[in-house]
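Below is a brief report on one protein model.

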Amino acid sequence: MTFSAKDLAAKIPPAFTLGIATAAFQIEGALDEDGRGPSGWDVFAAKPGAIVDDHSPAIACDHYHRMPEDVALMKHLGIDSYRFSLSWSRIQPGGSGPVNSAGLDFYDRLLDQLLASGISPMVTLYHWDTPLPLDEAGGWMNRDTAYRLGEFAAIAAAAYGDRVARWCTVNEPATVTTNGYALGLHAPGEALLLKALPTVHHQLLGHGLALQALRAANVPGEIGMTNVYSPMLPASINPLDKLSSGLMDVAQNRLFADPVLLGKYPDAIRAATFFTSFSPSDEDMRLISQPLDYYGLNYYMPTCVAAGPGEGSVPPGMAEAMGDDLSGTTPGAPFHITSFPDAEITAYGWPIKPEYMAVALGEMAERYPDLPPVFITEGGASFEDVIITDHASGQIMIPDERRIRYLAQHIATALEATAPGGPAESIDLKGYYVWSLLDNFEWSAGYKQPFGLLHVDPGTQERTPKASYYWLQEMLAARKDAAAAAVGAVISTGLEPEAEPEAEPAAEA
Ligand code: BGC
């Protein structure tokens, strides 16, 4: 497999979107400024021991103040689209009721700058930072939070609907349920285990209500949602390991995708207490399974699962980031995550297995025959970057070849898997968003897991492009050159192009 930017560019169809993604709480900082209200994450992150080394999100990447510089860096990169999330607490500090105009203004300016820079905006409504008053009222355990998200979607649609090319209602509800409510590793820090199941239905209902509000506002942008997908592999041929990986597949993948794409919860989950005593109404299921313009998939890695409570089996980086509770040693745990014996790992301890991108897409294609067009809405890797200073020129270099390799292999695999003859040839793959623009506040791992194409100096906040930034820049430029040459060839032969590259809707507006 080649990692050359030019070779990869040649494989990328002209209409394929290459984007970059962030989330508000991970980059903005300015938590107490211009009328922003507190979020559940502000409170959780302030608890001693909740975040690695008690890192604080108070400044994060200072993006709230450096937004124009960050947009300029994206323009220089040449990216097609930028996926970012709205801070609900900045726009509607109480989570319901009055709107904060200073908060609205920030994203107004961001959207205008993106469009002026030729970058198509993709907006995530909910990327985990619930307004504190809603968390205090039970957060996603409370059905009312879903209605509040619907209301927030209507506010966002009215303010930004004319400029947003693509909406993502909810990002990775599985992570919120598992880390936030089942294990207590993310805000709001609840360790309810299986009692966390209502948060699944309420987040999916929130997605449905947000989607309904965006449709009612007639926004021209495409509307979808994002689930994370991790193929589950049994650690051995032992039938108990197989059963365990099947259960993980239901709990992490199918539980969140089936209701949206098939309109029903997986049968296997019906045995859980919440579902034996709860029968979602037809109206809830109708809202959850409304047609989507696209489906967002976050793919980072596959997961290897073994039966029973495991001793020290979670890779050290991951255990550190997630806290002692998740080291796989929970007494009585029915199964645990274990490492792939042969895999290269990221700084998080996540296995690097690009071939499982094809497995993920293949499983999605098989399970959901009516899948709408798909965007990989996140993919990337954390590595401890090495900063090299050239003493003669004073220039800084960050040679993150492993990140380049990760991105090249995953993008190429996704394209091959969805091409004719590939395991997911029925999927209309529309794009790939790199996680992430900046080294940022990686939730409970603080600033210990850098995913950015731009290094951020924690003291000065200075942004330094890594080699991966220049690699992506070269690829984007090569792709544009190839597209321009193709148009030139068509003009000189007088032939019509076979298909018009699809324009990103709002970038043109
Ligand atoms: C989330 C991001 C996170 C990334 C890396 C995704 O699950 O959407 O917020 O930073 O993974 O952990």
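## Strand pairing

R83 stands opposite M122 in β3. Strand β2 (residues 81-85) runs parallel to strand β3 (residues 120-126), and 5 bridges join them. Strands pair if DSSP finds at least two bridges between them. Strands are DSSP runs of E with at least two residues, helices are runs of H or I with at least four, and both are numbered from the N terminus.

This is a predicted model: local features need pLDDT of at least 70, side-chain atom pairs count only at pLDDT 80 or more, and totals for chains, interfaces and linings use all residues. Residues are numbered from 1 along each chain as its sequence is written, and side-chain values use heavy atoms, leaving out hydrogens and water.

## Barrel

The order β1-β2-β3-β4-β5-β7-β10-β13 closes 8 strands into a barrel, with parallel pairing. From one strand to the next, the twist averages 25 degrees.

## Helix packing

Helix α6 (residues 101-116) packs on the sheet and touches β2 and β3 (contact: heavy atoms within 4.5 Å). Its direction makes about 170 degrees with that of β2. Axes are lines fitted to C-alpha atoms, for helices over the stretch in contact; angles run from 0 to 180 degrees between N-to-C directions.

Helix α10 (residues 198-216) lies across β3, β4 (166-171) and β5 (222-228). It runs at about 160 degrees to β4.

## Arginine 36

R36 sits in the loop between α2 (24-27) and α3 (40-45). Is R36 buried or exposed? R36 counts as buried because its relative accessibility is 7% (buried: under 20% relative accessible area; exposed: over 50%; partly exposed: in between; 1.4 Å probe, protein chains only).

A polar atom of the R36 side chain lies 3.1 Å from the backbone oxygen of L31. Not counting residues up to four places away in sequence, R36 touches residues including F25, D42, S87 and N100.

Methods: Polar contact = N/O pair within 3.5 Å; in protein donor to acceptor, adjacent residues only side chain to side chain.
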